[in-house]
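Subject: Structure handover

Hello,

Here is the structure we talked about passing on. Please open it alongside this message.

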Amino acid sequence: MLGERVAKLNLTVCDICGDRSKDASPYTIKSNDGAVSVDLCDDDAKPIEDLLAKIRSRPVVRRPNRIPVATMEQIERLKQR
Ligand SMILES: [Zn+2]
């Protein structure tokens with residue numbers, strides 16, 4: 001029974017290459033189009049891992065405090081005028 005064998009292995013199979021010899025990890029990718037859940041082996045996840053490494057190693061950019069931020073109270077006060 002193929003179904004039983006798959007269940008006993010309990011391996012996550014990559015959704016891209018379907019290679020059962022490689023263990024896959026679940027990823028959820030969110031974009032403006034929505035979220036996609038996918039299981040990826042190390043090879044297929046590499047572009048994502050590279051991107052994550054790039055994002056994590058990026059220097060923190062501090063925005064100059066030029067844009068005035070209005071509090072909700074200030075906005076409400078303006079509306080009442
Ligand atoms: Zn793969």
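Below are notes on the metal site and then on the salt bridges. Please keep in mind that this is a predicted model.

Zinc site

Start with the zinc ion. Its protein donors are C14, C17 and C41, each through SG, and D44 through OD. They lie 1.9 to 2.3 Å from the ion. The angles among the four donor atoms run from 100 to 114°, and the site is tetrahedral. For reference, the ideal angle for four tetrahedral donors is 109.5 degrees. In sequence, the donor residues follow the spacing C-x2-C-x23-C-x2-D.

C17 sits in the loop between α1 (2–9) and β1 (24–31), while C41 belongs to strand β2 (residues 34–41). The two are 24 residues apart, and the pair links distant parts of the chain. Their surroundings contrast as well. C17 is partly exposed, at 39% relative accessible area. C41 is buried, at 0%.

Salt bridges

How many salt bridges does the structure hold? There are three.

K22 and D43 form one of them, with their closest N and O atoms 3.0 Å apart. K22 lies in the loop between α1 and β1, and D43 in helix α2 (residues 42–57), so this bridge ties together parts that are 21 residues apart in sequence. K22 is partly exposed at 25% relative accessibility. D43 is exposed at 51%. That value falls on the exposed side because the cut-off is over 50%.

K46 and D50 form another, at 3.0 Å from N to O. Both residues are in helix α2, four residues apart, or about one turn of the helix. K46 has 47% relative accessibility and counts as partly exposed. D50 is also partly exposed, at 39%.

K79 and E76 make a salt bridge too, at 3.3 Å from N to O. Both lie in helix α3 (residues 72–80). They are three residues apart, again about one turn of the helix. K79 is exposed, with 57% relative accessibility. E76 is partly exposed, with 35%.

To recap, the zinc ion has a tetrahedral site. The C17 and C41 pair links distant parts of the chain. The K22 and D43 bridge ties loop to helix, while K46 with D50 stays within helix α2 and K79 with E76 within helix α3.

Best wishes

Definitions and conventions: Residues numbered from 1 in each chain as written. Predicted model: local features only at pLDDT ≥ 70, side-chain atom pairs only at ≥ 80, totals over all residues. Heavy atoms only, no water. Donors = N, O, S within 2.8 Å, 3.2 Å for Na, K, Ca; no water. Tetrahedral: all angles 85-135°; square planar, octahedral: opposite > 155°, others 65-115°. Buried < 20%, exposed > 50% of the residue type's maximum accessible area, 1.4 Å probe, protein only. Salt bridge = Lys/Arg side-chain N within 4 Å of Asp/Glu carboxyl O.
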